[in-house]
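Hi everyone, thanks for coming. Have a look at the screen while I get set up, and then we'll walk through this one together.

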Amino acid sequence: RGFGEIINLDGSGLYSIEPQARVLDKLVDLRGVVDYRQGIFRLLPVEKPVVLQSVQPPCPPPQYSGVGVSAATFNLAGLYDTLDDPLTTDDVWTAAEYQRGLQKRALAIHDWLLEPHVLAVQEVENQAVLEALLARPDLQAYYEAVWFDGPDKRGLDVALLYRPESVAVLEARSRQGCTALIDGLGPDGNGDVENPANGLTCDINGDGLPDGNRLFTHPPLLARLRLSGQDFPSFGASIADNYLWLVVVQLESKAQDQPGLPYTQPRRLEQANFINSRLAEIRLAEPNANVIVLGDFNDTPDSPAVQTLLNARMNYLIPSQAIEQQYSFIQQGISQLVDGVLVDVQRGMSADALYIAHINSDFPVIFEQVADIPYRSADHDPLLFFLHLMNNKIYLPILSDEVER
């Protein structure tokens with residue numbers, strides 16, 4: 001009767017939903033027992049429901065005008081290869097799984113991200129996997145990649161893909177922080193937030209002795225770019241307009257949180273403060289720098305971590321879609337915008353038209369097994385936006401009540 005809670009369907013009932021449903025499908029004759037476990041209401045079906053499948057297609061792909069530079073962020077949801085890395089707990093895919101995973105992600109980049117000039121990715125295993133993805137025949141553009149090996153126990157990292165005919169990477173580096181948090185999280189944690197322990201692997205106070213643990217499982221990637229798209233001429237009104245700092249991030253996951261106990265929030269908040277310090281370094285060296293922070297924040301726009309990033313002179317790029325379409329991930333039935341783009345662009349540059357491609361979160365996991373479609377190529381929806389130069393300047397008149405002498 002409208003008590004403000006979402007009731008999830010639970011797979012431990014007498015029946016499951018077959019065929020698996022996607023957004024816009026309807027369920028008829030859904031009856032079951034209501035359970036409450038781990039802070040979540042669940043319905044355990046005791047009768048077989050009827051699924052009325054929708055014929056309405058998903059939201060259409062965006063249109064690229066051919067002007068400016070397109071940019072995107074895409075969590076690849078653990079893109080692994082077929083080799084077992086003895087130094088990590090990586091998944092080892094079969095050859096068929098690997099080729100299917102590459103094909104689906106390449107189709108998503110081609111069909112729905114329009115092969116952007118700049119693509120920030122998260123959760124890719126290594127350089128060889130990136131090269132295999134970029135070599136897929138589904139991609140027509142030529143890409144180069146920036147990747148740094150990080151400390152993730154699963155062997156997953158962030159990376160930056162770019163099209164060299166429109167983007168030049170002038171410098172790039174990965175930045176790791178050191179924290180005193182004892183939360184069981186991060187690359188040096190024991191993974192138990194209720195009985196946490198963190199190994200001492202880094203030096204906080206500078207005395208040469210380890211007294212902290214590494215802050216990031218996925219250290220942020222910082223890259224300075226020069227853009228040369230159709231409206232980014234080699235010599236514009238101001239040469240500095242063509243330069244951009246890009247920060248690719250993946251903050252701490254909420255996987256260890258429990259109802260009412262956000263165990264992971266302090267680490268995300270400290271990660272946000274670390275990123276802000278790196279932004280301050282950039283602006284100190286380049287006061288009018290164009291800066292964009294993008295990726296998987298693993299948190300919503302109103303969260304303490306994202307709000308901390310916004311306090312560092314950043315602006316949240318609002319999606320161009322209607323409010324009910326502004327989500328990139330579904331967690332226990334709740335649609336959330338956990339991926340994002342934060343911008344601080346100076347002079348004549350503009351960032352706009354943020355588009356969320358709902359090709360993953362709206363579809364059931366059964367679509368992961370279908371190779372020749374981009375749907376459910378990952379669990380997060382990718383985001384696409386555009387960068388432009390505002391070559392036309394508008395000068396407003398200055399009004400004065402002083403009498404000219």
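Predicted model: local features only at pLDDT ≥ 70, side-chain atom pairs only at ≥ 80, totals over all residues.

Asp299 sits in the loop between strand S15 (291–296) and helix H4 (304–310), while Arg268 belongs to helix H3 (residues 265–285), so the pair ties together parts that are 31 residues apart in sequence. Arg268 counts as buried too, at 1% relative accessibility. As a reminder, side chains of opposite charge can pair when their charged atoms come close.

Let's stay on helix H3 for a moment. Arg278 and Glu281 meet there through their side chains in another salt bridge, at 2.8 Å from N to O. These two are three residues apart in helix H3, which means about one helical turn separates them. Arg278 counts as buried at 11% relative accessibility, whereas Glu281, at 36%, counts as partly exposed.

How many salt bridges does the count come to? The answer is 21. One of them joins Glu18 to Lys48, with the closest N and O atoms 3.9 Å apart. Glu18 is in the loop between S1 and S2, and Lys48 is in the loop between strand S4 (40–45) and strand S5 (50–52), so this pair ties together parts that are 30 residues apart in sequence. Both partners are partly exposed: Glu18 has a relative accessible area of 48%, and Lys48 comes in at 45% relative accessibility. There is also a network of salt bridges, which links Asp10, Asp35, Arg37 and Arg42.

Searching the whole structure turns up one disulfide. It joins Cys178 to Cys202, at 2.1 Å from S to S. Cys178 lies in strand S11 (residues 178–179) and Cys202 in the loop between S11 and strand S12 (213–214), so the link ties together parts 24 residues apart in sequence. The link is right-handed, with 90° about the S-S bond. Cys178 counts as partly exposed at 26% relative accessibility, and Cys202 counts as buried at 14%.

Leu134 is in helix H2 (residues 127–134) and counts as buried, at 14% relative accessibility. Beyond its neighbours within four places in sequence, Leu134 is in contact with Leu139, Tyr143, Glu144, Ala145 and Leu161.

Tyr15 belongs to the loop between strand S1 (7–9) and strand S2 (26–28), and at 36% relative accessibility it counts as partly exposed.

Let's finish by zooming out. The protein chain has four helices and 21 strands. Its radius of gyration is 23 Å, close to the 22 Å that the globule rule gives for 405 residues, so the chain is as compact as a globular protein of that length. Of those 405 residues, 49% count as buried. And among contacts between residues at least 6 apart in sequence, 73% join residues at least 24 apart.

That's my tour, and I'm happy to take questions.

Terms used. Residues numbered from 1 in each chain as written. Heavy atoms only, no water. Buried < 20%, exposed > 50% of the residue type's maximum accessible area, 1.4 Å probe, protein only. Rg over C-alpha atoms; globule rule 2.2 N^0.38 Å. Contact = heavy atoms within 4.5 Å. Disulfide = S-S within 2.5 Å. Salt bridge = Lys/Arg side-chain N within 4 Å of Asp/Glu carboxyl O.
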